[in-house]
Amino acid sequence: MNTTLNGKVALVTGASSGIGEATALALSAAGARVAAGGRRADRLKLLADQAPGELLPLELDVTDQESVRAAVAQTVERFGALDILVNNAGVMLNGPIAGADTTQWTRMVETNLLGSMYAVHAALPHLLERRGIVVQVSSTSGRTASAYSGVYAATKFGINAFSESLRQEVTAQGVRVVVVEPGFVATELTTHITDPTMRAAARELAESMRTLRPEDIAAAVLYAATQPEHVAVNELLIRPTDQT
Ligand code: NDP
């Protein structure tokens, strides 16, 4: 077993599937004790059984500030500290702006943007104490907006902006901020899209290329999280080779 992260404690949001699940497993395999948050408790329990190290499943809804604060508190209570926050929970509900169901906009902003901000707010005192790391799972959509993903892109642009402010505020205190920007990764993300045309487009896009796997992004997170303290990997953009 890899021991690179022995003695470190990580909290991963959105760990019940996809990138978060793979990241929680990768951090665990590298020796970290991991708290894994998400709404689907059953999936997190299975993850705890699968993880090579100690993994604490946490019921967490990132849109609820109290729930986020409780998840951070439970992590610290169980493991004594928090060194790595992976802000990964997210939803992508693509569709045209005209005639959109704006409750989907609210859900994306509350989950992707506000949720990750709440987690930073709750975790920061602990991260400052340990000179820790914040990993922000953004997207290629945090760099380039395109038609039918305006609100999703706005949340990811927002994450990038917030992350740069955060970096400038805490880097002198030894806290590192890492923005990870994946291209197309094969996960459950697109299954939540309700617009049939958008869903079909996502399926076609997936079939047109060799997509990334969640483990590819987990490897990038692990790379950033295992650098020596004087090295801050601030941004990682990872696309499938086949994605233009
Ligand atoms: P998944 O749908 O597989 O994972 C999303 C995770 O977020 C799930 O674990 C889900 O858990 C969790 N989640 C959603 N809403 C909430 C909530 N309110 N509170 C807590 N957890 C929540 O998709 P991915 O793994 O692909 O997505 C992970 C991140 O990666 C997202 O931020 C996404 O935007 C980003 N990303 C994904 C890309 C891709 O191509 N797949 C590309 C670029 C970025 P649960 O439902 O149990 O709460």
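## Ligand shell

In this predicted model, the ligand is surrounded by 31 residues, of which Gly14, Gly18, Arg39, Gly90 and Thr187 are the closest. Sorted by class, the shell around the ligand consists of 13 nonpolar, 14 polar and 4 charged residues.

Two helices, H1 (18-29) and H4, each contribute at least two residues to the shell around the ligand. The largest share is that of H1, with 3 residues.

## Packing of H3 and H4

Helix H4 (residues 102-130) also packs with helix H3 (residues 65-79). The angle between the two is about 30°, and their axes are 9 Å apart. H3 is therefore roughly parallel to H4, since angles under 35 degrees fall into that category. The crossing in which H3 passes H4 is right-handed.

On the H3 side, the contact is formed by Gln65, Val68, Arg69, Val72 and Val76. Their counterparts in H4 are Tyr118, Ala119, Ala122, Ala123 and His126. By class, the residues of this contact of H3 with H4 comprise 7 nonpolar, 2 polar and 1 charged.

## Annotated domain

An unreviewed UniProt entry carries the annotation "domain: Ketoreductase" for residues 8-188. In the model, the span of residues 8-188 is 48% helix and 18% strand. The C-alpha atoms at the ends of this span are separated by 29 Å.

Definitions and conventions. Residues numbered from 1 in each chain as written. Predicted model: local features only at pLDDT ≥ 70, side-chain atom pairs only at ≥ 80, totals over all residues. Axes fitted to C-alpha atoms, helices over the stretch in contact; angles between N-to-C directions. Helix = DSSP H or I, 4+ residues; strand = E, 2+ residues; numbered from the N terminus. Parallel < 35°, antiparallel > 145°, perpendicular 65-115°, else oblique. Left-handed = near helix turned anticlockwise from the far one by under 90°. Contact = placed C-beta atoms within 7 Å. Nonpolar A, V, L, I, M, F, W, Y, C, P; charged D, E, K, R; others polar. Near = placed C-beta within 6 Å. UniProt positions renumbered as here; feature names shortened; annotations may be inferred.
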